[in-house]
Amino acid sequence: MEETGAVFRKELVSKLLHLHFKDKKTKVSGDALQLMAELLKIFVVEAAIRSVRQAQAEGLARVDVEQLEKVLPQLLLDF
């Protein structure tokens with residue numbers, strides 16, 4: 001399967017996960033890392049899409065942090 005667009009590196013995903021583990025010896029399988037990377041990608045793409053829609057609803061031609069801040073609460077509830 002070919003990747004399109006940006007992807008999260010497994011090393012980054014692993015580091016992010018391990019920052020929240022209480023036991024430092026916890027291991028994460030390659031499949032779990034790949035799944036988490038895909039979930040992060042979907043989350044980021046959805047955040048971008050919702051931010052664009054918010055900017056359009058406000059009549060703006062450019063997305064800024066304010067639009068992301070407005071859609072983030074609902075996005076977090078949806079995930």
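This is a predicted model: local features need pLDDT of at least 70, side-chain atom pairs count only at pLDDT 80 or more; totals for chains, interfaces and linings use all residues.
**Close-up 1. Arg 9 and Glu 11 pair up in a salt bridge.** The structure holds 4 salt bridges, a salt bridge being a side-chain nitrogen of Lys or Arg within 4 Å of a carboxyl oxygen of Asp or Glu. For Arg 9 and Glu 11 the N to O distance is 3.7 Å. Both Arg 9 and Glu 11 are exposed. Here, exposed means over 50% relative accessible area, buried means under 20%, and partly exposed lies in between (1.4 Å probe, protein chains only).

**Close-up 2. A salt bridge joins Arg 50 and Asp 78.** These side chains meet at 2.7 Å, N to O. The pair links distant parts of the chain, with Arg 50 in helix α2 (residues 30-57) and Asp 78 in helix α3 (residues 65-78), 28 residues apart. Helices are DSSP runs (H or I, at least four residues), numbered from the N terminus. Arg 50 has 19% relative accessibility, so this residue counts as buried. Asp 78 comes in at 44% and therefore counts as partly exposed.

**Close-up 3. Lys 70 meets Glu 58 in a salt bridge.** Their N to O distance is 2.7 Å. Because Lys 70 lies in helix α3 and Glu 58 in the loop between α2 and α3, the pair ties together parts that are 12 residues apart in sequence. Lys 70 is partly exposed at 49% relative accessibility, and Glu 58 is also partly exposed, with a relative accessible area of 30%. Looking back at Arg 50 and Asp 78, salt bridges that share partners put these two in one network with Glu 46.

**Close-up 4. Leu 68 touches Ala 47 and Ser 51, leaving aside residues up to four places away in sequence.** A contact here means heavy atoms within 4.5 Å. With a relative accessible area of 34%, Leu 68 is partly exposed. How far apart are Leu 68 and Arg 50 in space, C-alpha to C-alpha? Leu 68 and Arg 50 are 7.7 Å apart by that count, and 18 residues apart in sequence.

Notes. Residues are numbered from 1 along each chain as its sequence is written. Side-chain values use heavy atoms; hydrogens and water are left out. Helices (H or I, at least four residues) and strands (E, at least two) are DSSP runs, numbered from the N terminus.
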